Amino acid sequence: MVEYLDNLIMALGLAGVLILGLAAMLEYLVPPFPGDTITLLGGVYAVRGDHPWPLVFVVVTVGSVAGAAINYWFGTWLARRFEAKPDTSFFGLTHARLVEVQARMRRGGPWLLLANRFLPGIRGVIFIAAGAAHMPRRNALLLGALSAMAHNALVLSVGRAVGGNLERLEGLMARYQMAVGVLVLIGVLAVVIRTLARRRTPVT
């Protein structure tokens with residue numbers, strides 16, 4: 001897959017840089033989209049001299065912030081929907097559940113926003129929750145931009161270090177995604193166990 005993407009973006013020339021930004025945006029909107037893999041390819045192009053490293057970095061970061069902004073807007077729309085009609089539900093989400101999410105985001109939202117770009121699969125959901133919690137848009141997108149800049153700098157640097165070795169690149173990407181997936185799973189299990197423990201604790 002990596003080799004196919006490599007050939008496609010190379011064939012498109014400068015337009016391939018825009019594909020990198022589009023990929024960074026789409027992975028917020030469509031979580032299974034392999035945006036991190038395509039960003040790694042940007043680092044490969046930078047070391048080959050096909051695209052300037054600063055240009056790739058800026059385009060990918062702008063794409064990330066654009067995707068975050070769309071999810072934030074969706075979150076605010078969702079909150080307004082429930083505020084207007086509290087008795088409705090949206091794909092299984094109820095008003096009571098939304099209130100719970102809002103409370104959690106107000107407590108730990110800034111830290112989640114700072115870490116969001118390093119959490120594939122749930123990074124987009126974090127911005128939906130931020131919008132639903134009515135967190136200040138400027139603050140949310142600023143934290144998202146800082147997270148994107150740190151992540152993209154790291155990923156592009158790895159791509160540059162790997163150079164033209166696409167097999168090594170694919171292996172590194174697979175290990176990274178597996179490691180993050182395990183960490184996210186552990187976090188989810190910890191939250192579930194903590195929630196169940198609280199429910200079983202007798203109220204005095």
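Which residues have the most contacts inside the largest nonpolar core? They are A68, M105, L113, I126, F127, A130 and M135, in a core of 15 residues. A nonpolar core here is a set of buried Ala, Val, Leu, Ile, Met, Phe, Trp, Tyr and Cys residues joined through side-chain atoms within 4.5 Å. Buried means under 20% relative accessible area, exposed over 50%, and partly exposed in between, with a 1.4 Å probe and protein chains only.

A word on the basis of these values. This is a predicted model, in which local features need pLDDT of at least 70 and side-chain atom pairs count only at pLDDT 80 or more, while totals for chains, interfaces and linings use all residues. Residues are numbered from 1 along each chain as its sequence is written, and side-chain values use heavy atoms, with hydrogens and water left out.

Returning to the core, at least two residues each are supplied by helix 4 (53-84), helix 5 (95-115), helix 6 (123-132) and helix 7 (137-162). Helices are DSSP runs of H or I, at least four residues, numbered from the N terminus. Helix 6 gives the largest share of this core, four residues.

Let us stay with helix 6. Eight of its ten residues are buried, so helix 6 is largely enclosed by the rest of the structure. Among the buried ones are R123, G124, I126 and F127. Not counting residues up to four places away in sequence, F127 touches Y28, A68, N71, Y72, L113, N116, A140, L141 and G144; contact means heavy atoms within 4.5 Å. After helix 6 comes H134, with a positive phi near 60°.

How do helix 4 and helix 6 pack, and at what angle? The angle is about 45°, and their axes are 6 Å apart. Axes are lines fitted to C-alpha atoms over the stretch in contact, and angles run from 0 to 180 degrees between N-to-C directions. The two helices, helix 4 and helix 6, are therefore oblique to each other: angles under 35 degrees count as roughly parallel, over 145 as roughly antiparallel, 65 to 115 as roughly perpendicular and the rest as oblique. On the helix 4 side, the contact includes A68, N71 and Y72, and on the helix 6 side, G124, F127 and I128.

Finally, V99 belongs to helix 5. V99 is partly exposed, with a relative accessible area of 39%. Its C-alpha atom is separated by 9.0 Å from that of A132, 33 residues apart along the chain.
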